[in-house]
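Hi there,

Here is the structure I promised to pass on. Have a look at it first, and my notes follow below.

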4 protein chains.
Amino acid sequence: MGSSFGHLFRITTFGESHGGGVGVVIDGCPPRLSLDLEAVQADLDRRRPGQSRLTTPRQEADRAEVLSGLFEGRTLGTPIAMLVRNKDPRPSAYEHMRDLYRPSHADYTYDAKYGIRNWQGGGRASARETIGRVAGGAVARQVLAEAGAGEIVAWVSQVHHVDADVDASTVTREQVDAHITRCPDANASEEMIRRIDAARRDGDSLGGVVTCVARGVPAGLGEPVFHKLEADFAAALLSLPACKGFEIGSGFAGTRLSGIEHNDAFYSESGRIRTRTNRSGGVQGGISNGEDIVLRAAFKPTATIHKRQETVTTAGDSVPLEAEGRHDPCVLPRAVPMVEAMVALVLCDHFLRQRALVGGG
Amino acid sequence: MGSSFGHLFRITTFGESHGGGVGVVIDGCPPRLSLDLEAVQADLDRRRPGQSRLTTPRQEADRAEVLSGLFEGRTLGTPIAMLVRNKDPRPSAYEHMRDLYRPSHADYTYDAKYGIRNWQGGGRASARETIGRVAGGAVARQVLAEAGAGEIVAWVSQVHHVDADVDASTVTREQVDAHITRCPDANASEEMIRRIDAARRDGDSLGGVVTCVARGVPAGLGEPVFHKLEADFAAALLSLPACKGFEIGSGFAGTRLSGIEHNDAFYSESGRIRTRTNRSGGVQGGISNGEDIVLRAAFKPTATIHKRQETVTTAGDSVPLEAEGRHDPCVLPRAVPMVEAMVALVLCDHFLRQRALVGGG
Amino acid sequence: MGSSFGHLFRITTFGESHGGGVGVVIDGCPPRLSLDLEAVQADLDRRRPGQSRLTTPRQEADRAEVLSGLFEGRTLGTPIAMLVRNKDPRPSAYEHMRDLYRPSHADYTYDAKYGIRNWQGGGRASARETIGRVAGGAVARQVLAEAGAGEIVAWVSQVHHVDADVDASTVTREQVDAHITRCPDANASEEMIRRIDAARRDGDSLGGVVTCVARGVPAGLGEPVFHKLEADFAAALLSLPACKGFEIGSGFAGTRLSGIEHNDAFYSESGRIRTRTNRSGGVQGGISNGEDIVLRAAFKPTATIHKRQETVTTAGDSVPLEAEGRHDPCVLPRAVPMVEAMVALVLCDHFLRQRALVGGG
Amino acid sequence: MGSSFGHLFRITTFGESHGGGVGVVIDGCPPRLSLDLEAVQADLDRRRPGQSRLTTPRQEADRAEVLSGLFEGRTLGTPIAMLVRNKDPRPSAYEHMRDLYRPSHADYTYDAKYGIRNWQGGGRASARETIGRVAGGAVARQVLAEAGAGEIVAWVSQVHHVDADVDASTVTREQVDAHITRCPDANASEEMIRRIDAARRDGDSLGGVVTCVARGVPAGLGEPVFHKLEADFAAALLSLPACKGFEIGSGFAGTRLSGIEHNDAFYSESGRIRTRTNRSGGVQGGISNGEDIVLRAAFKPTATIHKRQETVTTAGDSVPLEAEGRHDPCVLPRAVPMVEAMVALVLCDHFLRQRALVGGG
């Protein structure tokens, strides 16, 4: 059951980094939506490796083929299956690692869990699995857009020690994509590039933070207990490879404030109830309040590096590792469309749930 | 569907803070477990208000009645239902707030979602809903204990600006409960008490962080994609009232490290594969690796304060609020058993999933 | 996971025949419904034993207490928990059967599954478990009624060799309840009573068929593949104790017709598309077509009889059984509200799913 | 959510009869199983049209491509995706039917549900959708076989008025496949062939019954309430196209027996507890008792016939229909592998659930 996400708008992903291909089945998409497949492909292109000098040189066209669920450009209400073939597998690059465990990869834990592992690549732990998510998220975003239920923008807000200054209430995808870092703060972006270039040269890698805003989400989405919006967002983002932390609104910093400093005062604006501040991050009691939803996801530095490391073989013998093969010094720019996809999936699911509960268009 | 949590070991909670009572149905508990009901009640006692001078004075005995699922002290494999009556409702204390929205509470969002709200209390947003979780978590912990699949200890590691220094690998529940703060660092605990007392006198409230460790969890629990252990933990903790952030292992701080600094080197110890460091927090690729699982959850300062605040009526008119009624200046000590319960529920569910997948005792 | 039914409108039942009580948590009920609790209780009264001379003499008032989810008579959108205490447990009546397996009961299979069994009663296999279903179904029926999405009537259409003649398109609950058999065909009912009385005197039991119609269900409910309406109905009815068969529309008899005899011709009536015949039973391709939905459920004769039977002890030794205790010679009259409840639950769930998919009131 | 079936062993099917293809994602398959892909293909071949003169002449090779989840012939524990391309679409054959509703097909109900329909074929209502189920069921059968948890054989036991006489306790797949009818009673098979040939010539169609036995299923599978084995079997079989009825054990005929005639006496055989008769059909209280599980599924005559019928256009105008295109006069032989697949899926899911609950190999 681990390969499905969502309830009413549900994706099921399949595929490993090496094998026939990866893909997704999107179940529960409302019918009669004119699906913009170019927009879906554009999101896949933003996710794929090799799109800029910052990312891994692995070259995959990542063209999605739609296998079902569409008729004359519109959704049928039936499952939309999409398939992306694996085009550039190089198992030989992994040959020397078949009998050892790469530090901070999933090699060892896969063996512990399954007793078998495809050593020719990262398996389901590969970022390649996220292709299906990004495709599903792109469809979810279109459902939300048609319903006027929110728009989603994510960006790189931190790489290593470089922090960006970005206005969540106005930033656009165009501003984000104007930088290969996907950090719309030009100065920070320049510094990030310098550090990422240095890490690449050094065979090292860097982590950072992706921030995401969902604007225009109607009040009332989310459920009060186990499917609080923030709970579903947290699960969504922590399910991304390399994600180690999540915050909504004031997050960890908010724990340093007192109640009077933290509470968001209500006021009325043109008949709509608003909050003066937004430390709640757009969600109160697990339910959206109509303010901007603001999330942050922490990504650790990529585990694949070219420096010498200590590790063990599958037999438990000590052995040094100097990885060859591809090396992505900073996954953050590519994590941006992944984060957006997961946020869109959660919102779309809750939008449909709310429609089930109280009706509406 | 929002009131159920877990798949194979699943709890369904019910009840509002004001009404007949709150409770839980625990489904999927393995049969023939000698259930220690005193241990369940002990966890409920750790959760309830009024247990020390630090918490809300609301007095509820919170005695759990087991309605089903047990026979001669052992579990039957059928649903275990537990009920805790509401004993101390004081709707009159809320009378003056029936037509206004308390800042940073769920009043407004409940109205936006449901179009109706029980103004006599916090409804499902009340911490009282967590009684069912704590009861369910106490059962889950016993399942894990019997299977030798892990022990869980949580503690308060930060209140406002006070940070504690605690060794996650050795800290015990006894050490935690030796302090009314549930912070086992005596010096930090003293300072926390001072600040919480000051906040109470001031009608203000404080937030903080609960850290939780699960030791002795076998390698192989968790799923590689959407039900990564950390994803389920994140959902579990973010579903608790007032939780705004989650970290596992190095978390947000890990984003300031480079790959070579962050990776956990493998080594072999008495035939068991271990890691030299534990920045992964016991989980790699979503699956436990046998090291300590270390989590952190951020709790904002409680929204209920006695200071004057700006808000609006349900009709949208501006109105000042000076809350009366109960006031819990710091929810952190009571959040400790809640965090433990949610972590136990996640681990127990994954323990049973793994047993389904590959068999075993 | 076995104790929950439904997706968007979901019930979770708990409780054994002997123990604290039985009940249900109803999750996903739309908010602001003025819930008629007397109607819920009336359904429970129709289900309970002892209501006529035809049923088991076990006397239980079966008063449902609502623990949560209501405020001032209206639903809150939060879980509605209901509890019915067990009032008339007589474990001593089962004492002599603690170490043997009653034929065609669940005693042996419970032991095989769980390795433990409450021998003081039927456990979860008891018809008493259906109290929670009937309560949940009564709420579902009110949701459907308020939405104008269908009314449900079931009746006893066969007992042993006695077949009734009833017009499914017009029969009312009043007509059904005018007979203690719940068979609205007066002649058949008289004959059924004679046979049931004879079976009681003889220590034997009789089975039969309950037919159920749902009228006024809008076209478009149901899903085309695994959640075809008839698939969900079949699961719902086969989950009732003693149910061994299910038919929709022409059912097994339809297999004796040819295609041209079986197909339902379409025609147009006042702008609405209708079928001339209804061998489809109101469902085509898994989706309602607006015609009456007609279902039949077969119930075997009750396993509890007072005749001498061959069986074995838990140790496997041969032993004769002459059951004492209660004896319900024909469960059919009481099965009527159970069938209605399950049908209502399925329809309500699909009504909400359809609203999620395409919106609407 | 309608496109997924099962909980721990879960399939998600996708695809329409016309479009890129159909397929399945199998999630939850235990790792390290040496998957016999030829056996999977053999089941697909038994399902596909054109395999004998009795079935529709549509010619599809139906070769399954495995996209993921396998490594060196063994399962990885990750999702197994399989794709079968659509090779013989002939939308022109449907052109004349695009604006009318074929009687007893899903055309009208799809429009009622979705407001859109791919008129070029049967969409998800096509028997072609069952390719994914049969592939998934073939994998499930191998899981069961490896675990020694049961073998499944189905056959055609009735076509129109011809009833077969078959011994469920001994019949083999080889005996079934020795007849193009898949009826292992030679005399009945001959007569069935005559009737099916006559129906084909006449442009008419015939229905019938498939019986299925699962032998060697361990006692203890199934859950006592909503996921009784028979409830899951009923849902599984009623989800197949054209299925209108379900029975387990004595079924509808059992309603004509009295309790003493119906109860299955227990006895002990070589230390194993058995029943003298098997009117329970191998399931008591929803849980397997170790006896043969015997099920029957009723299939109505195929809706596609070549006789003149009354219908309406999508605008509601009366219009005669004389269907052209393919015509399968009797779906029963092809339904046999579908029934086996669904039964295997249910058993495999419950086998894993039971392993989760009580452990074991």
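To start with one detail: how many bridges join strand 4 of chain A to strand 7 of chain A, and do these strands run parallel or antiparallel? There are 2 bridges, and the two strands run antiparallel. Strand 7 of chain A covers residues 80-85, and within it Leu83(A) is the bridge partner of Glu65(A).

Before going further, some housekeeping. This is a predicted model, in which local features need pLDDT of at least 70 and side-chain atom pairs count only at pLDDT 80 or more, while totals for chains, interfaces and linings use all residues. Residues are numbered from 1 along each chain as its sequence is written, and chains are lettered from A and ligands numbered from 1 in the order in which they are written.

**The sheet in chain A**

Strands here are DSSP runs of E with at least two residues, helices are runs of H or I with at least four residues, and both are numbered from the N terminus. Two strands pair if DSSP finds at least two bridges between them.

**Chains A and B**

This contact takes 90 residues from chain A and 90 residues from chain B, where two residues are in contact if their C-beta atoms, placed from the backbone, lie within 7 Å. On the chain A side, helix 6 (residues 229-238) gives the most, with 6 residues. By class, that side has 36 nonpolar, 39 polar and 15 charged residues. (Ala, Val, Leu, Ile, Met, Phe, Trp, Tyr, Cys and Pro count as nonpolar, Asp, Glu, Lys and Arg as charged, and the others, Gly among them, as polar.) Strand 11 (residues 243-248) of chain A also pairs with strand 11 (residues 243-248) of chain B, in the antiparallel sense over 3 bridges. There, Gly245(A) stands opposite Glu247(B).

**Chains A and C**

Here the contact takes 13 residues from each of chain A and chain C. The chain A side divides into 7 nonpolar, 4 polar and 2 charged residues. The copies meet through the same surface, because 100% of the interface residues of chain A are also interface residues in chain C. A rotation of 180° with 0.0 Å of shift along its axis superposes chain A on chain C, with an RMSD of 0.0 Å. That is the relation of a two-fold axis. The superposition is by least squares on the C-alpha atoms of residues with pLDDT of at least 70 in both copies. Ala356(A) comes closest to the axis of the residues of chain A, at 2.1 Å (C-alpha).

**A helix pair in chain C**

Lastly, the axes of helix 6 (residues 229-238) and helix 8 (residues 332-358) of chain C come within 9 Å and cross at roughly 145°. Among the residues that meet there are Phe233(C) of helix 6 and Met342(C) of helix 8. The contact divides into 9 nonpolar, 1 polar and 1 charged residues.

Best wishes

How values were computed
Axes fitted to C-alpha atoms, helices over the stretch in contact; angles between N-to-C directions.
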